[in-house]
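Dear colleague,

My notes on one helix and on the salt bridges follow.

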Amino acid sequence: MELYNYLKSLHLIFVITWFAGLFYIVRLFVYQIEAAEKPSPEKEILQRQYKIMTYRLWFIITWPSAILASLFAYWMLFFTDLGKAWLEMPWMHVKLGFVFLLYLYHWKCHLIYKELQRDEVKHTSNFMRLWNEGATTILFAVVFLVII
């Protein structure tokens, strides 16, 4: 049980940092898209800075957090007795479905990240503001499933 609590703590820490990264990366996408509409030299200065910020956020915080959150979850579910018991409960299957959706959301953010790094603006800043609600919706669903 003591190991399980350590695993759960680490899992939660990395889930929190993963979501923080997802929330902030989309906000940076908004800023990048709006910077593309600025006149020179402001446009180039802002774009260069936002590319650095998104790169660091994405590869130093968000991706590692996603991977570590998943590794600790996997460890809890498949290598502890409590985790194995949870896998038999229907709510856990629904939760894992939402985690799958979160990974799809994460992957789409990765594709948008790559586009913006190449200065390809395919979405509006308003679209990105709405897109940012995707992670929030998944977060609400997972928290309510786990708690209730």
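Helix α6 (residues 133–147) is made up of 15 residues and reaches 21 Å from its first C-alpha to its last, close to the 21 Å expected at 1.5 Å a residue. Helices here are DSSP runs (H or I, at least four residues), numbered from the N terminus, and the expected span of a helix is 1.5 Å times one less than its number of residues.

As to provenance, this is a predicted model, in which local features need pLDDT of at least 70 and side-chain atom pairs count only at pLDDT 80 or more, while totals for chains, interfaces and linings use all residues. Residues are numbered from 1 along each chain as its sequence is written, and side-chain values use heavy atoms, with hydrogens and water left out.

Within α6, the residues A135, I138, A141 and V142 are buried (under 20% relative accessible area; exposed is over 50% and partly exposed lies in between, with a 1.4 Å probe and protein chains only). The buried residues of α6 pack against α1, α4 and α5, where contact means heavy atoms within 4.5 Å.

I turn now to the charged pairs. Searching the whole structure gives five salt bridges, each defined as a side-chain nitrogen of Lys or Arg within 4 Å of a carboxyl oxygen of Asp or Glu.

One of them joins the side chains of R129 and E34, at 2.9 Å from N to O. This pair links distant parts of the chain, with R129 in helix α5 (residues 125–131) and E34 in helix α1 (residues 2–35), 95 residues apart. R129 is partly exposed at 32% relative accessibility, and E34 is also partly exposed, at 28%.

K51 and D119 form another salt bridge, again 2.9 Å from N to O. Here too distant parts of the chain are linked: K51 belongs to helix α2 (residues 42–79), whereas D119 sits in the loop between α4 (90–117) and α5, 68 residues apart. D119 is partly exposed, at 44% relative accessibility.

R118 forms a salt bridge with E120, the closest N and O atoms being 2.9 Å apart. Shared partners among the salt bridges join E115, R118, E120 and K122 into one network. R118 counts as partly exposed at 46%, as does E120 at 29%.

With kind regards

Terms used:
Helices (H or I, at least four residues) and strands (E, at least two) are DSSP runs, numbered from the N terminus.
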